[in-house]
Amino acid sequence: MVFEPPKRLVRALGETAPDGDDWLEKLPEAAQQAVALRELTVERVQVPGGRSSLVVLVRTADGTPAVLKLAPGRARPEAERAALTHWGGRGAVQLLEPWRTEGVLLLERLHPDVSVRSLPEAKALLEAAGTLRRLWVEPPAGFPFETVAERTGRQAEAMRARAQADPEVAPLVGLALAARAELVAAPPEHRLLHGTFRQSKVLAGERMPWLAVGPDPVVGECAFDLARLVRDRVEDLIAQPSGAATTRRRIKRLAESLDVDQDRLRGWTLFRAVESGVRAGRVGRPRDAELLLEFAGWL
């Protein structure tokens with residue numbers, strides 16, 4: 001089988017780093033080797049798939065449905081492996097193999113085309129939040145993960161540079177950076193977080209109704225993780241005349257349901273929305289940038 005990367009993956013890697021083409025060029029051979037080593041039977045490449053990895057639906061030698069995932073180093077697949085190992089299937093997809101092949105994960109097969117986003121909005125938020133709660137555990141000793149302060153520190157530098165080049169975004173960037181500075185000064189907890197959690201990262205499973213996939217794990221406070229969920233379906237929020245009020249109610253409801261400080265959740269929601277909007281503008285996605293920055297303006 002020819003392992004042709006989906007267009008979405010090719011486009012996303014082109015946005016994020018100059019070495020994307022090098023990894024993509026080596027990908028077909030790497031996928032063939034990974035399949036042969038594990039004696040897998042390939043069903044199909046998942047399309048449209050993710051923005052940072054090739055996802056292949058396979059069966060193991062004994063016929064067990066599985067997922068083979070290949071990702072470049074900058075997507076931090078080894079951190080993902082460490083987090084999934086630590087969670088041990090509690091709230092997240094399980095690893096199916098004990099050994100390590102750099103950049104390659106063999107995972108439990110979920111239902112790749114059925115995410116929490118398929119549910120009505122209120123039910124989707126409830127199920128997603130319940131899944132997220134199970135992931136918030138103490139990190140392992142000597143953990144190999146970034147902290148929230150480290151990750152957002154790198155992001156803050158890129159935001160400052162963008163604000164200097166584009167004065168229109170400077171006011172929102174200033175607010176977001178001020179919020180971050182206050183939040184990282186006194187984090188209330190130290191938990192292992194999913195890092196990129198949203199409704200589309202929660203898939204239907206067999207051993208549990210819903211399980212999280214695709215973490216970019218980080219260690220810090222729970223409000224940081226929950227902040228990305230606040231803006232889920234942002235295009236629908238923006239289209240609503242009451243979008244700003246709906247967002248405020250969502251922050252309140254999520255904060256109360258997961259016992260997270262509402263002001264800290266609002267602050268991290270602001271920072272993460274502005275960071276994503278600035279990054280979208282930088283890589284040539286002006287429509288996404290416009291939506292995210294308008295959303296951030298409500299906060």
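Predicted model: local features only at pLDDT ≥ 70, side-chain atom pairs only at ≥ 80, totals over all residues.
Visitor: Which residues does the cis peptide bond join?

Guide: The cis peptide bond joins Val47 and Pro48, with omega at about 10 degrees.

Visitor: And where is Pro48 found?

Guide: Pro48 lies in the loop between strand E1 (41-45) and strand E2 (54-59).

Visitor: Turning to Glu39, what is its phi?

Guide: Phi of Glu39 is near 55 degrees, which is a positive value in a residue other than glycine. Glu39 sits in the loop between helix H2 (20-38) and E1.

Visitor: Is Glu39 buried or exposed?

Guide: Glu39 counts as exposed because its relative accessibility is 57%, and the cut-off for exposed is over 50%.

Visitor: What about Arg76, where is its place?

Guide: Arg76 is in the loop between strand E3 (65-70) and helix H3 (77-87). Although Arg76 is not a glycine, its phi is positive, at about 55 degrees. Arg76 has a relative accessible area of 29%, so it is classed as partly exposed.

Visitor: What does Trp268 touch, not counting residues up to four places away in sequence?

Guide: With those residues left out, Trp268 touches Val148, Thr152, Arg180, Leu183, Val184, Glu221, Ala223, Phe224 and Ala227.

How values were computed:
Residues numbered from 1 in each chain as written. Heavy atoms only, no water. Helix = DSSP H or I, 4+ residues; strand = E, 2+ residues; numbered from the N terminus. Buried < 20%, exposed > 50% of the residue type's maximum accessible area, 1.4 Å probe, protein only. Contact = heavy atoms within 4.5 Å.
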